Amino acid sequence: MHSLLNINSSTAINYLPIAIQLIFVIGFIGTMLALSAITGPKRKTKDKLETFASGIEHHGDARSPMAVKYFLIAILFVLFDVEVIFFYPYAVNFRTFAADPTMAWKTFMAVLMFVGFFVIGFVYVIKKGALKWED
Amino acid sequence: MNLIQIIFWFLSSFAVISAIMVLVSKSPVHSVLWLIAVFFAISGHYILLNAQFLAIVNLIVYAGAIMVLFLFVIMMMNLNKDTDPQKNIWIKLAGAVSGGCLLMVLVSLVKQATEINGKEAMLGKGDIGLIGTLGKVLFTDFVVPFEISSVLFLSAMVGAVVIGKKDSKLENN
Amino acid sequence: MTLLSFDWPLLLEKFVLIAIIVFTTLGIALYTTFGERKVAAILQDRPGPNRAGPFGILQPLADGVKMFTKEEIIPTHANKWLFILGPGLAMVAALMTCAVIPWGGTVHIFNRDVVLQVTDINIGILYIFAVVSMGIYGIMIGGWASNNKFSLISSLRAASQAISYELAMGLSLIALIFVTGNLSLGEMVKQQQTHWWNIVYQPLGFLIFFICAMAECNRTPFDLPEAENELNFGYHQEYSSMKLGFYLFAEYINMIMSSAVMASLYFGGYDIPFVDDNLLYNSSGIWHTLAPFCQVGTLLLKIVFFIFVFMWIRWTIPRFRYDQLMNLGWKTLIPLALINMVITGSLIILKINHWHF
């Protein structure tokens, strides 16, 4: 078990410091929030705790439906994000593939084909005006 | 109990409790947050199995992207109306019974499966889950499924755009 | 392997390192707020904060104490627990990024070789992406829980903007990984110590990454979520006291971290320019002891430089319109990043295969 952390960057034990940091950070922030809640003055009035709407009375609340554009951006993001993630395993192996003359162009063409589908989808999305902000 | 076992039990109980909270929470936003907690616990399990790439992709794609989409959808819903759609006790009962049946089938299936009986998971060993190994396999043995998945993405994009842009098109015509 | 045979000194070492890094980051963030006000003042030809201490040097501490002791306000219509969770989450995400950043070489202390990096995982960059995508929740939850229409619109804007620029950011890095061949930040910096810095191979990639980093940090010209003439104040409109402080602080910490990531990816990280770091390590006497600290200092200087560029841009360029922002992200940066990736890939393959197919 001795100093496993420093030898190899591909073992699971490397994630232990991240867990420690997570606990540390959460503890620190929780303490800060609690402390500032204790130290501050508490003079609650009804008007103070109203929702702020530039001085006028607020109407209704903010639990109302939003524009569909945001939803469309989010769903396109999910799809493109997964495609981008697919490039990473290739990029890491790129050097070994490129050094092998039989594999270099074969794998690169596979990726280019993937990029091609990516671009087709991308062009379709733009042509359809899904990313056009002003209707 | 060694360290890995402690972490395993902690992560497992965390996952199960969070999953229960997803179902029990009244507010859909709370449910989404608990679901993110479940994904974190599952990523922890992946790391224990040394499937690092899977763990981080699980966080990026599921906890980072798909849950943002869920939150957007919930924010788009009108939560002023009755948020609890089903008040009928019989429907709840039917749901509980059918869910219980599914659970029973799954549990018996796992118990009977010969492939996993008496075998232990490889803890912190093996490098199949590392990004380098995964890339090699993906681009030598699984090139065709890889390309087909891009067609799948294309169709998903078309579907999303067709559904999402329908309203404005009608307005223009 | 029992619990007791675990390498406890190592755990303690990591804990101390984490504490030092987190508190140093907080300290730098504190003084970045001061720097921002001073830079703004210089660019606008006015003195800036100069009352608290000499040259106003104690101003950030005064600000911090003031913010800390203000009244906590939780609006009656807000969702109480989510309202508290929002800023906490934003801050946690901001502080988690520094785990994979290499701050320097190895320090020999108490008969131990301490690596100045919390952990060097082999998918370091993807880890940063995961943490950044968690940061979006802090803003979204806070804005939604406030139950204020301005906050809600602001948080939706922030989230849409962040996810849009995350795509271009991810794509721009792939070309860089073609060059370096791995995702670990520690390895990348080590490579740059012996070769050229990556900026030489990837100037366009760096430009895309820089713009995306600016957008991810909600900095002007990308600070649409905080467009006060449209949205009053932004997603943190209903917040007060330390919860507001956390939101503002998270922005500065994100700025520091993205500067550190940019320095490590493209500008050699802790590599001292024009000096052979290994020579420094192998030399005897005072330089051998000072070498790691010189490296940390170099990285900090690079970070300060990037932060200054961030501020310089903020006080020079006006804010984008939202459709301009979306068009830049989707229709300019993503195609550019794709082209950059394909060209880089083909050039490297051609070069390795001696320029024939």
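Y46(B) counts as partly exposed, because it has 19 C-beta neighbours inside 10 Å and a residue is called buried only at 20 or more. The model that shows this is a predicted one. Y46(B) sits in helix α2 of chain B, which covers residues 28-48. Leaving out residues up to four places away in sequence, Y46(B) touches A51(B), L54(B), A55(B) and N58(B). Y46(B) and L106(B) are 60 residues apart along the sequence, and their C-alpha atoms lie 21 Å apart.

F114(A) belongs to helix α4 of chain A. Is F114(A) buried or exposed? F114(A) is buried, since 21 other C-beta atoms lie within 10 Å and the cut-off is 20 or more. When residues up to four places away in sequence are not counted, F114(A) touches F86(A) in its own chain, and F146(B), E147(B) and S150(B) in chain B. F86(A) is 28 residues away from F114(A) along the chain, with 9.4 Å between the two C-alpha atoms.

**Chain A as a whole**

The secondary structure of chain A consists of four helices and zero strands. From the N terminus the order of elements is α-α-α-α. Chain A has a radius of gyration of 26 Å, whereas the globule rule gives 14 Å for 135 residues, so chain A is more spread out than a compact globule. Along the principal axes, the C-alpha atoms of chain A fill a box of roughly 75 × 60 × 15 Å. Of the 135 residues of chain A, 36% count as buried.

The contact between chains A and B takes 43 residues from chain A and 44 residues from chain B. On the side of chain A that touches chain B, the elements giving two or more residues are α3 (68-99) and α4 (101-127) of chain A. The largest share of that side, 20 residues, comes from α3(A).

The contact between chains A and C takes 61 residues from chain A and 69 residues from chain C. Here the elements of chain A that give two or more residues are α1, α2, α3 and α4. On this side too, α3(A) gives the most, with 15 residues.

Helix α4 of chain B covers residues 89-112. The 24 residues of α4(B) should span 34 Å at 1.5 Å a residue, and the end C-alpha atoms are 35 Å apart, which agrees. How many of the 24 residues of α4(B) are buried? The number is zero, so α4(B) lies largely in the open.

Helix α5 of chain C covers residues 149-180 and has 32 residues. From its first C-alpha to its last, α5(C) reaches 46 Å, close to the 46 Å expected at 1.5 Å a residue. α5(C) is mostly covered, with 31 of its 32 residues buried. Just after α5(C) comes G181(C), which takes a positive phi of about 85°.

**The nonpolar core**

In soluble globular proteins, nonpolar side chains tend to be buried together. The largest nonpolar core in this model has 181 residues. Those with the most contacts inside it are L76(A), I56(B), L126(C), A168(C), I174(C), C212(C) and M262(C). One of these, C212(C), is in contact with Y165(C), A168(C), M169(C), S172(C) and L333(C), leaving aside its neighbours within four places in sequence.

**Confidence**

The predictor gives the complex an ipTM of 0.86 and a pTM of 0.88. Chain A averages a pLDDT of 79, and 90% of its residues score at least 70. Chain C averages a pLDDT of 85, and 97% of its residues score at least 70.

Which elements of chain A have the lowest and the highest mean pLDDT? The lowest, 40, belongs to helix α1 (residues 4-7), and the highest, 88, to helix α2 (residues 16-39). Over residues 1-7 of chain A the pLDDT stays under 50, and the model has 13 contacts beyond four places in sequence for this stretch.

Conventions. Residues numbered from 1 in each chain as written. Chains lettered and ligands numbered in written order. Predicted model: local features only at pLDDT ≥ 70, side-chain atom pairs only at ≥ 80, totals over all residues. Contact = placed C-beta atoms within 7 Å. Core = buried A, V, L, I, M, F, W, Y, C linked by C-beta atoms within 7 Å. Buried ≥ 20, exposed ≤ 12 C-beta atoms within 10 Å, placed from the backbone. Expected span 1.5 Å × (residues − 1). pLDDT = per-residue confidence, 0-100. Rg over C-alpha atoms; globule rule 2.2 N^0.38 Å.
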